[in-house]
Amino acid sequence: MEKNSSGSNVADNDIVSWEKTGSTLFLQGTLDRDSLLPLWQQKSSVLEDIVNIDVSQLSRVDSAGLALLVRLKGEFQQSGKALTFSNVGERLNTLIALYGVQSLLDDSQPNA
């Protein structure tokens with residue numbers, strides 16, 4: 001199990017942190033324009049051997065956070081690899097619908 005975070009000195013709910021367990025990456029906290037840069041900068045090592053991202057512990061996702069998830073999915077598809085998202089909550093589903101990116105979830109695992 002590998003843990004990491006954005007290392008910011010703001011409240012824990014205002015950062016995104018992650019934990020790798022097997023082939024699943026668990027994201028926690030806030031995934032927004034202010035917190036996503038460390039995850040983006042470390043994506044190669046963070047996403048190594050990952051096939052699923054569990055988003056159930058994200059307390060907040062804004063449009064920039066959603067754009068990051070869409071971009072990651074696209075990069076995986078371009079390289080011929082599968083990436084699924086699991087435990088997508090109602091708020092994130094609403095944002096996905098508002099931006100018309102439901103295809104992001106086409107092959108994703110069901111909600112918890």
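Residues are numbered from 1 along each chain as its sequence is written, and side-chain values use heavy atoms, with hydrogens and water left out.

**Confidence.** I checked pLDDT, the predictor's confidence in each residue from 0 to 100, and the chain averages 87, with 80% of the residues scoring at least 70. Confidence is lowest in strand 1 (residues 2-5), at a mean of 58, and highest in strand 3, at 98. Over residues 6-10 pLDDT stays under 50. Where pLDDT is low, the predicted coordinates should not be read in detail.

**Layout.** I found 4 helices and 5 strands in the chain, taking helices (H or I, at least four residues) and strands (E, at least two) as DSSP runs numbered from the N terminus. Along the sequence the pattern reads β-β-β-α-α-β-α-β-α. Of the 112 residues of the chain, 44% count as buried.

**Strands 2 and 3.** I then followed the pairing, where two strands pair if DSSP finds at least two bridges between them. Strand 2 and strand 3 are antiparallel and pair over 6 bridges, with valine 16 opposite glycine 29 in strand 3. The two strands form a hairpin with 2 residues between them, and glycine 22 in the turn has a positive phi of about 65°. Strand 2 is mostly covered, as 5 of its 6 residues are buried.

**Strands 3, 4 and 5.** Strand 3 (residues 24-31) runs parallel to strand 4 (residues 52-61), and 7 bridges join them; here leucine 31 stands opposite valine 61 in strand 4. Strand 4 is also joined to strand 5 (residues 84-86), again parallel, by 3 bridges, and I noted threonine 84 in strand 5 as the bridge partner of asparagine 52. From strand 4 the chain crosses through helix 3 (residues 63-78) to strand 5 in a right-handed β-α-β crossover, a term for a path that, with the strands pointing away from the viewer, runs clockwise from the first strand over the helix to the second.

**Around asparagine 52.** Is threonine 84 buried or exposed? Threonine 84 is buried, with a relative accessible area of 12%, and its side chain makes a polar contact with the side chain of asparagine 52 at 2.9 Å. A polar contact is a pair of N or O atoms within 3.5 Å; within protein, one must be able to donate a hydrogen and the other to accept it, and residues adjacent in sequence count only if both atoms are side-chain atoms. Phenylalanine 85, also buried at 1% relative accessibility, is 33 residues from asparagine 52 in sequence but 5.6 Å away in space, C-alpha to C-alpha.

Technical notes: Buried means under 20% relative accessible area, exposed over 50%, partly exposed in between (1.4 Å probe, protein chains only). Contact means heavy atoms within 4.5 Å.
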